[in-house]
Amino acid sequence: ASRAMFWSHFHLKLKRLEKTNERFRLGCLCQPTDMRIGGTDSKLIHEVCKLNPPANVVKAILDITPVREGVTFRYRFNALACDRLNENPLHKVVRGGGSIELVKLLVNADVKRKTLKRYDKDAASSVFHVLAANKAKHQPRVFSQILRHLVLTVNNNRSPLLYETKADKKTPVARLWQSLRKEGLSHADILQDDDFIFLLKATLYHFVSMIKGILKHTPEEKISDDYHTKLAEIEKIPLFRAFLVCSSCFSREVIATVLKILFSTDGTFLLTKDKNGKYPIHCIVEEIHWYFIDTVKNNQYGSGFKQFIIEQILSIAPQCAQQTDEKGLLPLHIAADALRLEHSHKKERLSLVRTIWQAYPDAASHIDKETRLPVFALPVRDKDDGTRPGYLIDDGISSAFFLLRQRPEIIAIACSGTDKNATSEATEPPLKRPRTITPTK
């Protein structure tokens, strides 16, 4: 009762302040409340938003504060006001467990959605990072409403809010994982959390839209502005695919555990082709269109990350090494080929070839149906114009020698031009040389 009475009295004071002249209002509302050296330099709206006030109080402040454009960001007014930490009022609301009505009010007050794209002083946290890290301060239902409203409000990908990592190398979904772990949830429990599943799928949704924009040579792939259409597109994304693409956001221990849980509950994703006729393992080996998040800018987990993912997939589903794509290629064909993986280092290629071969040794006897070359010849083949690809001369020799040492008989298979394991293709006997008759005199 005392809290409601305080905010009612405060709202009444704001209404009286609205009748004063503009200069006096600026002095009351827009001057920093903490001007000490090292202070926060926050304004009245920042301090009010920290206390989780009713939405009508913040609306009263926005109504009587003039809109000023073209001024330095530290002295902007209204919902764009920044303190010394470079945080907007929206940061304060989501950090302190504010209501959904207050979030909608501040988001709608910012027509250009600049508050959603602003990072703090340390360039580590956007509004999404702050919200994900402070889930415990919100009521579960309110947190779900705020998360969906903010994610679905972002109508383009010019600012990669959900998949870009900053100073601390963590995406919002990684911070939400940490927040749920602090609450005592196990890995299996987190994978049942609706908010985590939604943010994971939304991260993939925005990342894919950015990739499509790059492939089409456009600044962005337009995301639907319709709330329900965007929500339906996000929800239909398979959970397994969403985690695989976003796996670089988590530690390797988490990845190994979660992949086992997902495969035990629903492993059909690894055994199903996409619309292009490729299995997930083909896309990962070839890393089609930057398959993993973070490979675009910082690849924080190093060069062996793809090798680790392949090892985990083959440990839980070794039959993936026997899958063929629409061209009849096995994963070993793609991993060993110098042209399909032209920029792979020789040690990475050898390690990847060794891992896939151990899961399916007979793959070394299969002829590449696209190039008609044996597997051992793929690491050292030239381009169609006869030039060498952009790798060192000895880059593919280690892989070629490894494959030859495992199956020496594949040289005879290569010379005969047939595939030892191709049972569906009928092989015709070689044609006899026509007999020539020498005329007699």
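At 5% relative accessibility, Asp-195 counts as buried, where buried means under 20% relative accessible area, exposed over 50% and partly exposed in between, with a 1.4 Å probe and protein chains only. The side chain of Asp-195 meets that of Arg-148 in a salt bridge with an N to O distance of 3.0 Å, a salt bridge being a side-chain nitrogen of Lys or Arg within 4 Å of a carboxyl oxygen of Asp or Glu. This pair links distant parts of the chain, with Asp-195 in helix H11 and Arg-148 in helix H8 (residues 140-153), 47 residues apart; helices (H or I, at least four residues) and strands (E, at least two) are DSSP runs numbered from the N terminus. Arg-148 is likewise counted as buried, at 19% relative accessibility.

The structure is a predicted model, in which local features need pLDDT of at least 70 and side-chain atom pairs count only at pLDDT 80 or more, whereas totals for chains, interfaces and linings use all residues. Residues are numbered from 1 along each chain as its sequence is written, and side-chain values use heavy atoms, with hydrogens and water left out. The pLDDT, which is the predictor's confidence in each residue on a scale from 0 to 100, averages 77 over the protein, and 70% of the residues score at least 70. Among the elements, the lowest mean pLDDT, 60, belongs to helix H2 (residues 22-29), and the highest, 95, to helix H10 (residues 187-190). Over residues 35-39 the pLDDT stays under 50, and the model has 5 contacts for this stretch beyond four places in sequence, a contact meaning heavy atoms within 4.5 Å. Residues 295-301 also have a pLDDT below 50, with 19 contacts in the model beyond near neighbours in sequence.

In soluble globular proteins, nonpolar side chains tend to be buried together. Here the largest nonpolar core has 116 residues, and those with the most contacts inside it are Leu-150, Phe-196, Leu-244 and Phe-250; such a core is a set of buried Ala, Val, Leu, Ile, Met, Phe, Trp, Tyr and Cys residues joined through side-chain atoms within 4.5 Å. Helix H11 (residues 194-215) supplies the largest share of this core, 10 residues. In helix H6 (residues 100-109), the residues Ile-100, Leu-102, Val-103, Leu-105, Leu-106 and Val-107 are buried, and the buried residues of H6 pack against H3, helix H4 (55-64), helix H5 (89-96) and H8. Thr-355, placed in helix H18 (residues 346-359), is buried with a relative accessible area of 14% and touches Gln-307, Ile-310, Glu-311 and Leu-314, residues up to four places away in sequence not being counted.

The count of salt bridges comes to 9. Lys-92 pairs with Glu-87, the closest N and O atoms being 2.9 Å apart, and both partners count as buried, Lys-92 at 7% relative accessibility and Glu-87 at 5%. In the salt bridge between Lys-50 and Glu-47 the closest N and O atoms are 3.6 Å apart, and the two residues, 3 residues apart in helix H3 (residues 44-50), are separated by about one helical turn. Both count as partly exposed, Lys-50 at 38% relative accessibility and Glu-47 at 28%. A network of salt bridges links Lys-278, Glu-286, Asp-325 and Glu-326.

The structure holds 0 disulfides, a disulfide being a pair of cysteine sulfur atoms within 2.5 Å. The sulfur of Cys-246, whose closest cysteine sulfur is that of Cys-249 at 5.3 Å, is too far from it for a bond. Cys-246 is buried, with a relative accessible area of 0%, and Cys-283 is buried as well, at 8%.

A search of the whole structure finds 8 aromatic pairs, for which rings of Phe, Tyr and Trp (its six-membered ring) pair if their centres lie within 6.5 Å, planes under 30 degrees apart counting as stacked, over 60 as edge-to-face and the rest as tilted. The rings of Phe-6 and Phe-10 are stacked because their centres are 6.2 Å apart and their planes at 25°. Both residues lie in helix H1 (residues 2-17), 4 residues apart, about one turn of the helix, and Phe-6 is partly exposed, with a relative accessible area of 45%. The rings of Phe-240 and Phe-269 are also stacked, with centres 5.7 Å apart and planes at 25°. Phe-240 lies in helix H13 (residues 239-245) and Phe-269 in the loop between helix H14 (252-265) and helix H15 (280-286), so this pair ties together parts that are 29 residues apart in sequence. Phe-240 counts as buried at 6% relative accessibility, and Phe-269 is buried at 17%. Finally, ring pairs link Trp-177, Phe-196, Phe-243 and Phe-250 into a cluster.
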